[in-house]
Amino acid sequence: MRVWIIFLLCLSGKALAAPMEEDAIAVDDPAAVEEPVVEEELPVEEEYPVEEEVPAEEEVIIEEGDEVGVNPVQVETGEEEAFDEAIDAEEVITENPCLNHHCKKGKVCEVDDTNAPICVCQDPTTCPAAVGEFEHVCGTDNKTFDSSCHFFATKCALEGTKKGHKLHLDYIGPCKYIAPCQENELKEFPLRMRDWLKNVLVTLYERDEDNNLLTEKQKLRVKKIYENEKRLQAGEHTLDLLALDFEKNYNMYIFPVHWQFGQLDQHPVDGYLTHTELAPLRAPLIPMEHCTTSFFEMCDADSDKYIALEEWAQCFGLKEQDVDKDMVI
């Protein structure tokens, strides 16, 4: 009986030990571990094949217009180069030599073969068409030009010739008959001019709020004139009254005469007025004051084609001791 019991216990011990040994083999044997994994992943690989994921990635990288197989790095590099070229183009535009190059009237700026700015005569046909007769100007050759642009372009083309040397802008408006200036009229002309210059300065002082019209020094001088109770107000006055006011209030006229000289002496600032520098004043005046040309010719006492400050002051009746270059601000 005991033998059978021992025999059964031995059988049961082997039976219990067998599964444990198989488990140990499953853990220790690598081949036993890989086989189940392969069998489980095969269906997954068949259902979601790896090869089908490649086109999806290519669709993200390849853009319209790109060839298949183009290196994405090369595509990006090309875009950067195009961007750099655009920036370079902008820099070339902003560095146009003519942008800050000034040419006198009648000339335009062009770039030569060395990319240097040069001034050449403007073609009159490129000038804007005149809107009305008020844009017309009359030359000293008694010829009407459509505009000042047409005049200066024509004068530029005549540079170096005798005709071009004599041609100047005479006055604004179409050419017309200008009555000769009589001697007595020439003596009266400075009376109206002095009063006009004084009133121009007073008007600028009243309207100047931001110092864009007059400097601080100029405003201080005009302020004394403006606040003077003896000042002759602007208006239509007889020549006798204008002469009397100049005699009594002489000091009020000193600065306006100097100021006008400084306004005209600009190209260049050298203490002399040329025919061209006088143009901004004389051109609008001639149609209204027919003695304008004769007056400025008289101011050039030494007939050297230049009007010095001393000659200018004398024309307006200022005393020699009152001529002050420091007053030409």
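This is a predicted model: local features need pLDDT of at least 70, side-chain atom pairs count only at pLDDT 80 or more; totals for chains, interfaces and linings use all residues.
A disulfide here is a pair of cysteine sulfur atoms within 2.5 Å. Residues are numbered from 1 along each chain as its sequence is written, and side-chain values use heavy atoms, with hydrogens and water left out.

Take C98 and C109 to start with: their sulfur atoms sit 2.1 Å apart, and the link is left-handed, with -75 degrees about the S-S bond. C98 lies in the loop between α4 (72-94) and β1 (107-111) and C109 in strand β1, so the bond ties together parts eleven residues apart in sequence. Helices (H or I, at least four residues) and strands (E, at least two) are DSSP runs, numbered from the N terminus. C98 is buried at 17% relative accessible area, whereas C109, at 24%, is partly exposed. Buried means under 20% relative accessible area, exposed over 50%, and partly exposed in between, using a 1.4 Å probe and protein chains only.

Next come C181 and C291, with sulfur atoms 1.9 Å apart and a right-handed link of 95 degrees about the S-S bond. This pair joins distant parts of the chain, 110 residues apart: C181 is in the loop between β5 (169-172) and α7 (183-207), and C291 in the loop between α11 (275-285) and α12 (292-299). C291 is buried, at 2%.

Then there is the disulfide of C299 and C315, with sulfur atoms 2.2 Å apart. C299 belongs to helix α12 and C315 to helix α13 (residues 309-315), so parts 16 residues apart in sequence are tied together. C299 is buried at 1%, and C315 is buried at 12%.
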